[in-house]
Amino acid sequence: MGTFLETLWQLIRDLLFSPAFWGFAGVMAGGWLTWGREVSLKRQERDRDMQFAAVSLSATLSRFIGACADVAGDDGTYRGQAGSDGILQEQTEQPGLDYDSLEIKWSSLPGLIVDKLFIFQIHVGDEHDRLKFERDSDGPPYDGYFFERRLAFVELGIQAESLVNELRRAAGLEPHPETRSSVFLRGQRKELDSILAKRAESASLPTAADGGWRVLGQHSPSLIGSPRWTPHRWPPQLRQN
């Protein structure tokens, strides 16, 4: 047993003092350091790409939120007055959402965030189509359409703000500062929800099965918040403030 241990120790000592061993160890250590440095540089580059993408998308969505606030405040009147014929007219343009002009690396972002961003973009387009149908289905003075339009863009603006904050958290950025547009949108949602509640109390509302009402959210992605009853076509008794 003693001879075996002595032999083993002799081999280890010869190895430790062998120039070949230290040469090999140096090569391995250098390789690991180079690999570690490359991994660190790639991680830093990915983080920079992610933050740049998040900042660029935040700016695009923030402009969209501001435009949503403009539509949310558009009741079809100009300084409180309808047109000479009594018909309400759009005073603001409905915003679209386009990421095509952004030069970012989408692969730097988490897949779930990218999925939500494009689902939301599709949802915005769907709402444009739905509102066109709402206007075609409504009749003069189009007050039902304008209420539905305001409500739709209140929801879109609030959903966009939620996406911005989720995006910035994923990229390690500070939360998006509260803006006048976001405050206005939340105030408008309270106001419109209050109007809906009062109308529901004062009218005998048809059910969804009657085809006269629908639940906002069934036709759209799960990004929408709590479902609420909104008119598919406003009954005459609800055409009042």
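## Charged and aromatic contacts in a predicted model

Tyr 142 is buried, with a relative accessible area of 17%. The value falls under the 20% limit for a buried residue. The structure described here is a predicted model.

Tyr 142 is placed in the loop between α3 and α4. Its phi is near 70 degrees, a positive value in a residue other than glycine. Most residues other than glycine have a negative phi, and most peptide bonds are trans. The loop between α3 and α4 also contains Pro 141, and a cis peptide bond with omega of about 5 degrees joins Pro 140 and Pro 141. Over the face of Tyr 142 lies Arg 135, at 4.2 Å from the ring centre.

A positive phi is also found at Arg 79, where the angle is near 55 degrees. Arg 79 belongs to the loop between α2 (19-72) and α3. Is Arg 79 buried or exposed? Arg 79 is exposed, with a relative accessible area of 73%.

Helix α3 has 27 residues. From its first C-alpha to its last it reaches 39 Å, close to the 39 Å expected at 1.5 Å a residue. Buried residues in α3 include Leu 117, Phe 120, Val 124, Glu 127, Arg 130, Leu 131 and Glu 134. An α-helix has 3.6 residues a turn, so residues three or four places apart point the same way.

The charged side chains form a further group of contacts. Side chains of opposite charge can pair when their charged atoms come close. The structure holds 12 salt bridges, and three of them are set out below.

| Salt bridge | N to O distance |
|---|---|
| Glu 148 and Arg 130 | 2.7 Å |
| Arg 189 and Glu 155 | 3.6 Å |
| Arg 186 and Glu 178 | 2.3 Å |

The salt bridge between Arg 189 and Glu 155 ties together parts that are 34 residues apart in sequence, because Arg 189 lies in helix α5 (residues 180-202) and Glu 155 in helix α4. Arg 189 is partly exposed, at 28% relative accessible area, whereas Glu 155 counts as buried at 6% relative accessibility. In the salt bridge of Arg 186 and Glu 178, Arg 186 counts as partly exposed at 31% relative accessibility, and Glu 178 is exposed at 57%.

The ring centres of Trp 106 and Phe 118 are 4.9 Å apart and the planes stand at 45 degrees, so the pair is tilted. This pair links distant parts of the chain, with Trp 106 in the loop between α2 and α3 and Phe 118 in helix α3, 12 residues apart. Trp 106 counts as partly exposed at 24% relative accessibility, and Phe 118 is partly exposed at 34%. Another aromatic pair, Tyr 145 and Phe 146, is edge-to-face, with 5.1 Å centre to centre and 70 degrees between the planes. Tyr 145 counts as buried at 3% relative accessibility, and Phe 146 counts as buried at 2%. Ring pairs also link Tyr 99, Trp 106 and Phe 118 into a cluster.

Methods:
Residues numbered from 1 in each chain as written. Predicted model: local features only at pLDDT ≥ 70, side-chain atom pairs only at ≥ 80, totals over all residues. Heavy atoms only, no water. Salt bridge = Lys/Arg side-chain N within 4 Å of Asp/Glu carboxyl O. Helix = DSSP H or I, 4+ residues; strand = E, 2+ residues; numbered from the N terminus. Buried < 20%, exposed > 50% of the residue type's maximum accessible area, 1.4 Å probe, protein only. Expected span 1.5 Å × (residues − 1). Phe/Tyr/Trp six-rings, centres within 6.5 Å; stacked < 30°, edge-to-face > 60°. Lys NZ or Arg CZ within 6 Å of the ring centre and 35° of its normal.
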